Structures are given as structure tokens and as C-alpha cells.
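The following exercises are to be worked with the sequence and the model at hand. Each task is followed by a solution in steps.

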Amino acid sequence: ANPVNTDKIYQAIAILQNATKIDPKNDAAFVDLGFCYGVLRDGPTAVDMYTKAVRINPSPANFLELADIYMRVGQSADALMAANAGIAKNPRDARLWNAKGMALNDLQRLDDAEQAFKKALKLDPSFEVARRNLNAINGGSSGRGSLRGAPARYGPAHWCACARCSAWSSAAAPPGGRHCPASRKRRPWPLARPPRSGRSGSAAR
């Protein structure tokens with residue numbers, strides 16, 4: 001297991017809150033606050049922090065973060081809107097198309113989700129997460145294709161397995177915990193988000 005050191009999380013929150021007081025337009029600090037509150041399972045505050053980041057800087061990367069947290073708190077329709085807003089800013093961001101596919105998947109719009117994953121792969125053929133999602137929709141008895149007639153069997157899907165997501169896989173999922181559609185492993189809420197290539201306020205994920 002990978003237990004969370006809440007003392008360090010609260011220390012990070014204090015530092016980040018001070019950073020936002022020094023520079024109220026520091027969107028990256030609000031993104032990191034959102035992540036910290038997500039780890040603490042404070043969904044409403046996490047959403048609020050990511051929303052503030054988007055209002056300060058409506059960048060594709062920040063919309064991706066917002067779509068991410070909406071998915072994790074079960075607000076799939078809001079996640080879809082955030083992904084679409086990010087795509088409007090950068091229609092060639094494969095990660096946003098993957099996020100759109102995940103939201104559509106949770107909304108049981110499986111044909112649309114399939115097209116979104118295909119678009120992500122068209123933009124980035126090496127994007128393994130999107131490939132796993134696409135395979136999970138169409139991949140036989142263990143894939144999402146098998147859920148078209150029984151969406152309640154597994155409950156809502158969630159982000160695909162990645163290095164940071166997998167770090168949480170040994171923790172016990174609470175009632176209503178989500179499945180990664182690619183791995184079918186139970187995941188706790190909230191999931192560790194996919195790793196970023198840089199701070200969201202300045203770099204794409």
C-alpha cells in the first residue's frame with residue numbers, strides 16, 4: 001500500500017495558499033491545491049480550486065485538469081463540458097480527446113466515446129492510455145463492448161491505468177469505488193491523476 005502522509009499534504013496546502021496570497025493569479029498553485037484536496041478526498045474543495053485555475057487561465061492543460069477532477073467526483077456531464085472547452089482551445093491535444101472519451105463512456109455514450117478515443121490515437125498513435133481505453137470498449141468479454149447491455153454491472157468507468165494510478169491499486173476501494181476500464185482493477189476515490197509533464201499553468205500534460 002501507499003499510505004498518504006496527510007501532514008505533508010497539509011504543509012503543502014499551507015505553502016500553496018500563501019503562494020496564492022502573494023500572487024492571486026497563480027493558476028498553477030490553484031491546480032496543485034486542487035490535487036492536494038483531491039488526495040484528502042475533499043471533492044468539493046478540489047473542484048473549486050481547479051475551477052479557479054481555469055478562470056485565471058483557461059488553458060487546454062487547465063481544462064484537462066478540471067475534466068479530470070469532475071470525472072473523479074462523478075460529474076461526468078461537467079467533465080465532458082470541460083474536455084470540450086479544452087478541445088476548443090487546442091483541438092490537437094490527444095489527452096483532451098481521451099478525457100472526452102472517458103466522460104462519454106461514463107455517460108454511456110459508448111459510440112461517441114469510441115470515436116473520441118480513435119481521435120486521440122489519430123493525433124498521437126503512441127498514446128497507450130487511449131489505446132487501452134479503445135480496446136476496453138471493443139475488447140470482447142472483458143471490454144466495454146460487453147457492457148453495452150449491462151452498464152450497471154461495473155458502475156462508471158474511470159481513468160485508465162497509469163504509473164500513478166497503479167500506485168493506488170492496492171488500497172481498498174470504498175463502496176461505489178470505480179473501475180479502470182482497461183485493467184478492471186478496483187480503484188479508490190480519488191485516483192492519483194496521470195503524471196504531468198510540467199506545471200499545469202504553463203505546460204501541457
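**Exercise 1.** Determine whether Leu104 is buried or exposed, and identify the residues with which Leu104 is in contact beyond its neighbours within four places in sequence.

*Solution.* Step 1. Buried means under 20% relative accessible area, exposed over 50%, and partly exposed in between, with a 1.4 Å probe and protein chains only. Leu104 has 1% relative accessibility and therefore counts as buried.
Step 1. Leu104 lies in helix H6; helices (H or I, at least four residues) and strands (E, at least two) are DSSP runs, numbered from the N terminus.
Step 2. Contact means heavy atoms within 4.5 Å. With neighbours within four places in sequence left aside, Leu104 is in contact with Leu80, Arg109, Asp112, Ala113 and Ala116.

The model is predicted: local features need pLDDT of at least 70 and side-chain atom pairs count only at pLDDT 80 or more, whereas totals for chains, interfaces and linings use all residues. Residues are numbered from 1 along each chain as its sequence is written, and side-chain values use heavy atoms, with hydrogens and water left out.

**Exercise 2.** State how many helices and strands the protein has, and what percentage of its residues count as buried.

*Solution.* Step 1. The protein has 9 helices and 2 strands. From the N terminus on, the elements run α-α-α-α-α-α-α-α-α-β-β.
Step 1. The protein has 205 residues, of which 49% count as buried.
Step 2. Take the contacts between residues at least 6 apart in sequence: 53% of them join residues at least 24 apart.

**Exercise 3.** Check the span of helix H2 (residues 27-39) against expectation, and describe how H2 packs on helix H1 (residues 6-22).

*Solution.* Step 1. The expected span of a helix is 1.5 Å times one less than its number of residues. The 13 residues of H2 should therefore span 18 Å, and the end C-alpha atoms are 19 Å apart, which agrees.
Step 1. H2 is mostly covered, since 13 of its 13 residues are buried.
Step 2. Axes are lines fitted to C-alpha atoms, for helices over the stretch in contact, and angles run from 0 to 180 degrees between N-to-C directions. The axes of H1 and H2 come within 9 Å and cross at roughly 155°.
Step 3. Angles under 35 degrees count as roughly parallel, over 145 as roughly antiparallel, 65 to 115 as roughly perpendicular and the rest as oblique. H1 and H2 are therefore roughly antiparallel to each other.
Step 4. The crossing is left-handed, a term for a near helix turned anticlockwise from the far one by less than a right angle (right-handed if clockwise).
Step 5. Ile9, Ala12, Ile13, Leu16, Gln17, Ala19 and Thr20 in H1 meet Ala29, Phe30, Asp32, Leu33, Cys36, Tyr37 and Val39 in H2. These residues divide into 11 nonpolar, 2 polar and 1 charged; Ala, Val, Leu, Ile, Met, Phe, Trp, Tyr, Cys and Pro count as nonpolar, Asp, Glu, Lys and Arg as charged, and the others, Gly among them, as polar.

**Exercise 4.** Describe how helix H8 (residues 128-138) packs on helix H7 (residues 110-123) and on H6.

*Solution.* Step 1. The axes of H7 and H8 come within 9 Å and cross at roughly 150°. H7 is therefore roughly antiparallel to H8.
Step 1. H7 passes H8 in a left-handed crossing. The contact residues divide into 8 nonpolar, 2 polar and 3 charged.
Step 2. The axes of H6 and H8 come within 10 Å and cross at roughly 25°. H6 is therefore roughly parallel to H8.
Step 3. Asn98, Met102 and Asn105 in H6 meet Val129, Ala130, Asn133 and Ile137 in H8. This contact has 4 nonpolar, 3 polar and no charged residues.

**Exercise 5.** Locate Arg41 and Gln108, each of which has a positive phi although not a glycine.

*Solution.* Step 1. Arg41 has a phi of about 65° and is found in the loop between H2 and helix H3 (43-56). Arg41 is partly exposed, with a relative accessible area of 45%.
Step 1. Gln108 also has a phi of about 65°, and its place is in the loop between helix H6 (94-106) and H7. Gln108 is partly exposed at 33%.
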